[in-house]
Amino acid sequence: GIPPSVQPAREFHLGMFEIGRPLGKGKFGRVYLAKERKTGFVCALKVLHKNELQKNKVEKQLRREIEIQSNLRHPNILRLYGHFHDSKRVFLILEFAGRGELYKILRKAGKFPEPQAAEYIAQMAAALQYLHKKHVIHRDIKPENILVGIHGEIKISDFGWSVHAPSSRRTTMCGTLDYLPPEMLNGTGRHGAEVDLWSLGVLTYEFLVGSAPFEDTPVETQRRIVQCDLKIPSYVSPEAADLIRRLLVLRPEQRIPLEDVPFHPWIQKHCAKLVQPAGQ
Ligand SMILES: CC(C)NC(=O)[C@H]1CCC[C@H]1Nc1nc(Nc2ccc(C(=O)N(C)C3CCN(C)CC3)cc2)ncc1C(F)(F)F
């Protein structure tokens with residue numbers, strides 16, 4: 001392509017867009033369907049209020065989110081095309097995901113059939129492999145941060161917690177503990193890309209059971225995570241249970257590597273079009 005130095009500087013401003021229906025509320029503002037007037041390009045416009053960002057001390061996180069997400073190109077990662085701001089607001093120009101929020105689809109369905117869950121986990125593993133190759137850890141994999149594209153493919157979004165590996169968390173977390181790996185709960189909090197493997201295990205469990213594996217009161221949840229106190233219902237197939245148990249391993253280095261996930265029997269059983277192991 002054209003070297004960045006001579007690429008046209010993509011300056012954006014609000015007047016370039018025709019604002020459509022609201023898509024919902026994000027953490028720090030609303031999201032609208034939008035269309036770029038000149039090209040007719042449909043996107044999602046996330047509006048963030050500067051005073052909210054300042055109050056919650058998340059400006060640095062937002063800058064990192066923009067820096068990381070705008071450089072990512074993968075079918076299962078939501079695109080960030082650009083951003084701009086006015087006196088009061090920051091605007092993110094994001095890819096529009098045609099089928100909306102995965103957590104709403106999951107809540108409505110209760111839980112997913114195994115073929116659908118396996119398809120989603122295969123796509124998650126591909127997206128995480130792409131991220132980890134770029135030394136990016138997402139650190140906040142959960143249904144609320146996943147959207148669904150028009151063809152039913154999943155799109156990881158919300159890179160507000162992503163960092164370059166290795167790292168140790170400096171900002172206090174809020175929200176659910178359900179997806180936190182043991183190494184982020186113990187003293188040092190030092191962690192690597194394997195945190196996303198643990199969360200992938202929690203996600204697999206939640207897709208198949210409809211609730212998170214260590215869901216309980218905050219104190220109990222922490223105990224169950226650090227003890228890996230895991231009970232997998234008997235209706236979950238042995239293959240699926242096997243993959244969950246290979247991801248939800250206390251020692252980060254013992255978790256199944258991402259590159260092995262597409263070859264796991266449960267994925268092979270349900271995702272035909274994936275690359276087949278040699279000699280098939
Ligand atoms: C990951 C992040 C944490 N989450 C978010 O940002 C959320 C916060 C609010 C919306 C969403 N953000 C996005 N949503 C879409 N697509 C979309 C959303 C909702 C519907 C939908 O179901 N309705 C309109 C329904 C239609 C039916 N009625 C009944 C209810 C609303 C359909 C398509 N594309 C891009 C984005 C993005 F990310 F770029 F902003």
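## Reading contacts, strands and cores

Biologist: Which residues does E36 touch, not counting residues up to four places away in sequence?

Modeller: Contact means heavy atoms within 4.5 Å. By that rule, E36 touches R10, M16, F17 and F41, once residues up to four places away are set aside. Before we go on, this is a predicted model, where local features need pLDDT of at least 70 and side-chain atom pairs count only at 80 or more, while totals for chains, interfaces and linings use all residues. Residues are numbered from 1 along each chain as its sequence is written, and side-chain values use heavy atoms, leaving out hydrogens and water.

Biologist: Is E36 buried or exposed?

Modeller: Buried means under 20% relative accessible area, exposed over 50%, and partly exposed in between (1.4 Å probe, protein chains only). E36 is buried because its relative accessible area is 10%. Its side chain also makes a polar contact with the side chain of T39, at 2.9 Å. A polar contact is a pair of N or O atoms within 3.5 Å; within protein, one must be able to donate a hydrogen and the other to accept it, and residues adjacent in sequence count only if both atoms are side-chain atoms.

Biologist: Where is E36 found?

Modeller: Helices (H or I, at least four residues) and strands (E, at least two) are DSSP runs, numbered from the N terminus. E36 is found in strand β2. Two strands pair if DSSP finds at least two bridges between them. β2 (residues 30–36) runs antiparallel to β1 (residues 17–25), joined by six bridges, and I19 has A34 as its bridge partner in β2. Four residues lie between the strands of this hairpin, where G29 takes a positive phi near 160°.

Biologist: How many bridges join β2 to β3?

Modeller: Five bridges join β2 to β3 (residues 42–49), again in the antiparallel sense, with V31 opposite K46. The hairpin of β2 and β3 has five residues between the strands, and G40 in its turn has a positive phi of about 75°. β3 also pairs with β5 (residues 89–94), antiparallel over six bridges; there L45 stands opposite I93.

Biologist: Which residues are closest to the ligand?

Modeller: A residue is near a molecule if one of its heavy atoms lies within 4 Å of it. Here 19 residues surround the ligand, and the closest are R21, K46, L94, E95 and A97. K46 places a polar side-chain atom 3.0 Å from a ligand oxygen, and a backbone N or O atom of A97 lies 2.8 Å from a ligand nitrogen. β1 gives the most to this shell, with four residues.

Biologist: How many residues has the largest nonpolar core?

Modeller: In soluble globular proteins, nonpolar side chains tend to be buried together. A nonpolar core is a set of buried Ala, Val, Leu, Ile, Met, Phe, Trp, Tyr and Cys residues joined through side-chain atoms within 4.5 Å. The largest one here has 52 residues, with I121, M124 and W266 among those with the most contacts inside it. Its largest share, 11 residues, comes from α4. A second, separate core of 15 residues includes V31, A44, L48 and L62.

Biologist: What does the side chain of H138 reach?

Modeller: The side chain of H138 reaches the backbone nitrogen of D140 at 3.0 Å and the backbone oxygen of D158 at 3.2 Å. H138 lies in the loop between β7 (136–137) and β8, and it is buried, with a relative accessible area of 0%.
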